[in-house]
Amino acid sequence: MQITGMYWGSKLLKFVDFPTSEVLGPEASGDQIKELIGRWGEIFVKPMFKGGVGKKGKSGLIGKANNLATAMKEKERLYFAEHIHNNVHAKAEGVTFEGAVPAEYEVYFSITDSTKYRAPVITITHHGGVNIEELPPNQLAVIPFDPLTGLKGFVVSNALRKINAPQELISPLVQNLPKLWELYHYYGMTTLELNPIRMMPAGKGRLLPLACDFKCAFDADDPNWKRLGLPSDLDASSYSDFEQEVNALRTYQGQSDVFVINPQGTITAMTFGGGANALVTEQLGDSATISSDFGGNPPYDKMHAISRIVYKYWLAQSNVLFIIGGKANNTDIYETFRAMADALRDHFHSAGPQPLYVVVGRGGPNLIRGMGYLRDTLDGLGLPYQMFGYDSAMSEVVNFAQSVDKWMKAGGRAMVARSMGIS
Amino acid sequence: MHQQGVAAFPHYFVGINSLAELATRQDRVCVLNITGGESRTVTPVSHTYSGGNVVCGTAPGRSGTVMNTPKGNIPVYGNIAEAMEAGHKFNVVVIYLPPSGVRDGVLEALRINPYLKKIVILTEKVPVHDARIIRSLGQMYGVDIFGANCLGLADAHNRVRIGGALGGNAPAESLRPGSIAIFSNSGNFTTTIAVYLATAGWGTTVSISSGKDVYIHYSAAEFTHAFHNDYRTKAAVLYIEPGGYYEKDLVFEKPVVACVVGRWKAKLTRACGHAGAISGSGDNAMAKEKWFMEKFGVDSIFTPENPVCSKKGAVVINIAHLPAAMTAVMKLNETMPDFKPEGNLSLKCWFSNTQNIDLPEHLNPPLVRAIAPYDKQIEGLGEQVGGVFPRQSMKDASGASMMDPKTQVTHLHGTSVLDASTHSFEENLVKSLTREYPGENGAMLANVVLNAYVNQHGTFGLTATDVARAAGNSPNTSLCAAVALQGPDLAKPARQAVGALVELFKKSGLKDPEKGDFDFSAQLQQAMAGETRNLLVSEAECNKGNIMLDALQARGTRSVFVDFVKALAQESGGRVRAQVVLAAVVTHLGWKPLMRKRITTLTMKNMPWHFRIFSTLVGAAANAEQHTNEHFCDVTNEELISDWSFTETAHLALFGTRPNKGELFALSILLGLIVSNGPGTISAQGPKGAVSADGPEAPERVQINKGYIGFLSHTGYAHGGNGFEAIAFLLERFRESELADPGDPEHGLNLKEMAASYAKEYMVYKKRAKAEGEISYAKIPCINHPIFKGEEVNFDPREVFVSELLKNQGSYNVFLDFYHELVQALYTAGVSSNVYCVNIDAVIAVILLKMLWRPYKDRTISESTMETAAFTTFLFGRMVGTAAEIDDHTNRGRNMDTRTPASQCSYVG
C-alpha cells in the first residue's frame, strides 16, 4: 500500500510528533478554509489520490489560493482531477487545503532500504522541493545506517555536514528526523519520503521543520502497518475487485500474486513461479488477462479457491486457459492440477460450458498423475487441449498458446463451441 | 559492526570464498520447523540425496519424535538449545518457519550455536523490517545467510543439497555434474535452467537459488567472487529479474551468460511474483540488460537468429536461449560441453485431445513419447482403469452434491435438481452412480434390470417389512428391514461378474458398448481359458435371467456386454443368470465414464448392489399382498420387465396404477426435484455416517445396504414426512369443495375468493395468537423463503422453473393456482408486507396431491395412506442423492471421518 499527500501523511507523522503543515480535508467548511488562509496568508489546494502518484506539481495539479473564492474554484478544478504518470492512471477523490509555510530552505528527506548497501539509508538534501535525481551528487547525501541501532542524530548530522548544509538547519533536523525511523521501521514501511520539509522561522533565529508533502509505501508482508488503524479502503482503489478477492487468500503458504494486465485479454495464464511469471507475462503481452504467480506449493483448498476466482472473472472472455510453469521443485503437480481441474468443472457447472482451449506446460513432482487428472477432466468437459512436457522450451509453449488464441479469434472459438454442442 | 570474512569484502562480512564451499559433504544441517508442510516432503529427499546431512530438526511441541527418511530417522527437538544439549553439532541451519518466526529463528541459531556458518531461509513473505535486522545480525555474528524466499543450494559434484527442493523430488535427474554454476533469482528456474542446459550438454557445479526479496542476503556479488575461486566452475548462468542494484558493479573473470527478464514489469506499481522484483527507472530490466551488455562488450541480445556474444559472455532474455548462448560463448573460449547433449527444447506434446476439431497442422503437434521415467508413468496411466480420488475427511463435504447458497439450488454431479426434474427416475438413478445420464438405449437397459428385482415375493425382507409396517412404523423404518436383508452376499455374484467384465475389456479399446459390431472374440477366448467363465456362466437354468434377456431383445436394446455374456454362454454351453445380466447392464452403463476416469472401478463393482437396493426399496414399498410369484401389483413380471419404465413402476408401487403421460411427467419432476439437498441435509448425513463407520479406507468392507439404512433412519416425520403438512393444509381448503379433477382448468372454483377468505381467517388467527404472546403460531406451509424475499412481488426461481415446465406440457394444477392466489390475498389482507413467493416445496405438495386427489375423493385411500404415499415418494426421490453420497463417501472418505472432535461438542446439561 502506498500513501501520498498530507491528509493522511500529517496523521501518520503525528504518531511520532513530527511537525507538519496545517492540513484540512475535503470536508472542510468555508469558514475553516478562510481561517486557514487567514493564518498562513496563502494555501495550497492539492488533489487527493489513492496510492502512489508522482509529479503532481509539474502537471499543474497543485493550486494556490489567497482567498476563499479562488480556493473553492481550485477545489472544483482538482476534486476529480485525472493524472497519468509512468503508465499509471489515477483519479482524485477530493482535495486538501494546506497552509503555505514560509521558509528559506526546503529539505528533501527519505528513508528506504538500499540494495546497494543492503541496509536502510537516508537520502537528504537542503536543495529540496525539486526532483532530486536532477541534483549534482555533491548536493545529495545517501547514508546507510545500522538498523539494530536505528537512525541516530549523528547520522543526520554527518549527512548534512557532508553536503555543507547551513548550520542553522542542522540542529532542528537532528532533533526531528530520527523520529521518522520509528514510523518507518516499526510500522512496516519500505519507503518514507518528505519533500519538501519547509524550514519555517520559529523565532529567536531558530527554524522549525514542517513536513509539507508526504509519500510512503508499506510492506504487504508486514502486519505492523495495520496498527496505524488506517481505513481499509485507503489503497483499495488501486486494486481491482479480482485482485482484492485473490489477495484475501494471501497466506505465507503458497503464492497468490495477481495483477490485471488487460481487462480485454483473451489468454488467462495460471502461472507457477516468479520466473515463469516474468517470462510468460512478458511474452503474452496484451493477450494476457492477468499476470499471476501461484507457485510455492499451494495446498489444494487454496489453489481451488484461487482457480474459482480466476475462472469467475476471466474465463468467459478467454480463448485459452494456459497453465504454465517450469519444472517445479516442490509444488505438487497432482494437487494443484486437481484443484484447477475441479474448479474448472465446478465453474462449468455453475456458469455453463463455454468454448475454451487448454494449453499446459509443466514439470515437477507427481507430474503425470496431475496431467492425467486434468486430461480426464478436460475429456469429460469436451474441451480441446495440449499438454507439453517440461523439456519443451517454455517460450515455445507460450508461442503455441498464442497461436491457439489467434486461431480461436479467427473462427476457432465457434468451431470449439460447435464441437461442445453450444449454440 | 561486522565480522571480518574473506578479504575481498572489506566493508561487510562474507564467509564463502569458493563455490566449492557452498554445499559440501561435511556440512551438517539442523532444520527449523522440520515437520512443517513443505519441509516434510523436501527434507527427506535432501537428506537422502546428500548422504544423510541433516543431524536434527526442531518443531515446537514435537520433541522426542523423529522424521523418517530412507537414510534413517532424523531426531526432532523442541528448539535448537535442546538439540545442542542432546549433543548435536551442525554448521548449517535451514529455516522453514512461518514469516513471523524467521527473525527469531535466525537470532536463536546465531546466539546458541558457535559453530554456525550458514543459514538458509526458505520462507516466503518475510517482512522487509525483519530482513534488515537479519542482515545486520548475520554481519555481526559472521554467518553467511541465503535467501530469504529461496530454494537453497545444491552441488551436483558433491551430491549435496541444502535447504529447499532444488531438483525437485529427484535431484539427480536435473542436477547433472558439469562445469556451469547457476545463480538464479527464481527458485523454479534454477532447476529449469539446469534441465535446459543439459540439452546442450552442460552440467552444473553449484546451483544457487538466491531468492528475490528486497534483501538478497547472498547476492550476485558474493556469488561472483566465489565463482572465480572455484576451479570446477568454468562459466556461470545468472538469471536476473528487475529491481535492485545487486548486479550493477559486477566484474567477471570467467564467461557468464546472463538471462535478464521482466521488461514488462516496468509497468508494475506493486510487486507481482517476487517481492523484490519491482523496479525504479534505473534498475528495470532494460537497464539491467544494458549493464550486462556493457560488461560483455556486446551490442545486442543473443537469440538463435542473432547469436551475438563475446568471449566474456552473452545476454539472453529467454531462458530457452541459455543453452545455445552458453555453447556459443564457450566455443569462443575453446571449451566443449560437459557431456553429449541430452534431448532438446522443441515442443513435446505428451497429452492431446483435439475433440475431432479440424485444427491447422501447427496446432495439432504429434504426441511424443515422454522422457524417462515419465514415459512409463504415462503408460501406467493407460493401465489404470477408472478414476482414483484422493482420500480426505468428508465430514460435511461431498464430491457428489452441493447446494448453491445464493440460488438454493442443489446440484448433483453437476446437474441442478431443476434439470434433474426434466429426466426420468431411472435416468437419475443411473446418473447418481455413473455421473452421466444414459441415452435412450441405456435407460431401456436400466429399466429391465431395475424392474427385474422389484418383485420381492417370498423374500424374508418383504415379510419383515410388512411386519414392521403392521407394528405401526413409518415407511422409512419399515423399509429398513427389506434393505437390511440386501447384504453383501446377495449382490456378490453380480459384483464379481462386473469385475470380470471390466478386467476382460479394459484394454480392448472398446469405446462405446452400444455399438454392437465390436469384435470380442479375443475376450471370449480369454474368458473360456480361465476362471472367468465360471463367474459369467452357470450350468443351471435361470428363469429370471431368461426373462431379462428376452426383455432386452424385445425392447431392441444394444449392448456389447450383454451380447458377450450371451455368446460366452452359448460357446461354453451354459446359461446366463439374472445376476450376470444385471452385471452386463451396469458394466454397459458405467463403461464410458469408467474409461474417462470419471468413476472408479469400485463404483462399477458396487453398482449392481445399488441397483438391487433401488429395486428393493420400490418393490417393498408395496404391501406383501401386492407381490405374487407371477405378479407385482397385478402386473406380470414379464410385462413389467419388458415393457415398463422404472418411473412407471414407482408410480405403480405408490398409487397402484400405471401412470398416463401427464402423471408420468409429473412424477418425474417430483422425484427429480427432491434428489438431494446437499451434504449437510440429515438424509445425507445418515448414509455418510454409515459409510464412515464402516471405514471407507477398506472400501470392500463398506456395506452399501447399511448406507441406505443410514439414509432411511435419518428421515422421519420432520424430514421427509413433512411434505404432508402442505397436503394437509390444501386438503383443509379443498375438502368440502366439489373439485373433481385438479388438472382441469375449468374446475369451476373461485380460487380468488377461497384465498381471500382464508387470508382473512388467517389474519384473525395471527392477530389473536400474537396478542396471546404465542410467537410460534402456525405458519402457512410452502410460502415465503429466507432468500427469495424483500421485493414487492417475490418468486422462488425454482418454483417458476417447474411451473413453466408443467405449463409447457399443458399440465394444469388447481392447487398451485390456489397457492399463487393465496400469496396475493395475504398481501391484500395485510398479513404480509409484500407478495410472498410460493416456494419449491409447494410444487412438490401440489403435484403429489393432484396424483392422490381422485383416490382420496373416491375414498379408496385414507389421509394416513396419503401421508405414507407422500413420505414414500420423498424416499424414492432422495434415494437418488443417497446413492451418490454413499458412493462418493466410499470412494473419497476416510475411516470415521464424520465424527466431531470432543472439543467442538458442547455439554448443555
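Colleague: Which hand does the crossing of helices α32 and α33 of chain B have, left or right?

Modeller: In this predicted model, the crossing of α32(B) and α33(B) is right-handed.

Colleague: At what angle do these two helices pack, and how far apart are their axes?

Modeller: Helix α32(B), residues 840-857, packs against helix α33(B), residues 863-892, at about 150 degrees, and the axes are 11 Å apart. Angles over 145 degrees count as roughly antiparallel, so α32(B) is roughly antiparallel to α33(B).

Colleague: Which residues make the contact?

Modeller: From α32(B) come L848(B), L852(B) and Y856(B). Helix α33(B) contributes M866(B), A869(B), A870(B) and T873(B). By class, 6 of the residues in this contact are nonpolar and 1 is polar, with no charged residues.

Colleague: Let us turn to the sheets. In what order do the strands of the open sheet of 7 strands in chain B stand?

Modeller: The order is β3-β4-β2-β1-β5-β6-β7 in chain B, and the pairing is mixed. At the edges are β3(B), residues 66-67, and β7(B), residues 144-146. Each has a single partner strand, so one side of each is left without a neighbour in the sheet.

Colleague: Do β5 and β6 of chain B pair in the parallel or the antiparallel sense?

Modeller: Strands β5(B), residues 92-95, and β6(B), residues 118-121, pair in the parallel sense over 4 bridges. As an example, V94(B) has V120(B) in β6(B) as its bridge partner.

Colleague: Where does a strand of chain A pair with β15 of chain B, and in which sense?

Modeller: The strand of chain A is β19(A), residues 385-388, and its pairing with β15(B) is antiparallel, over 4 bridges. Within this pairing, F388(A) stands opposite C349(B) of β15(B).

Colleague: How many residues are in contact between chain B and chain A?

Modeller: On chain B there are 88, and they touch 81 residues of chain A. The elements that give two or more residues to this side of chain B are α1 (37-49), α4 (128-141), α6 (187-198), β15 (349-353) and α10 (374-383). The residues on that side divide into 40 nonpolar, 33 polar and 15 charged.

Colleague: Finally, what can be said of chain B as a whole?

Modeller: Chain B has 33 helices and 20 strands. Of its 909 residues, 54% are buried. To see how the chain folds back on itself, consider contacts between residues at least 6 apart in sequence: in chain B, 72% of these join residues at least 24 apart.

Notes. Residues numbered from 1 in each chain as written. Chains lettered and ligands numbered in written order. Predicted model: local features only at pLDDT ≥ 70, side-chain atom pairs only at ≥ 80, totals over all residues. Contact = placed C-beta atoms within 7 Å. Nonpolar A, V, L, I, M, F, W, Y, C, P; charged D, E, K, R; others polar. Pairing = 2+ DSSP bridges. Buried ≥ 20, exposed ≤ 12 C-beta atoms within 10 Å, placed from the backbone. Axes fitted to C-alpha atoms, helices over the stretch in contact; angles between N-to-C directions. Parallel < 35°, antiparallel > 145°, perpendicular 65-115°, else oblique. Left-handed = near helix turned anticlockwise from the far one by under 90°.
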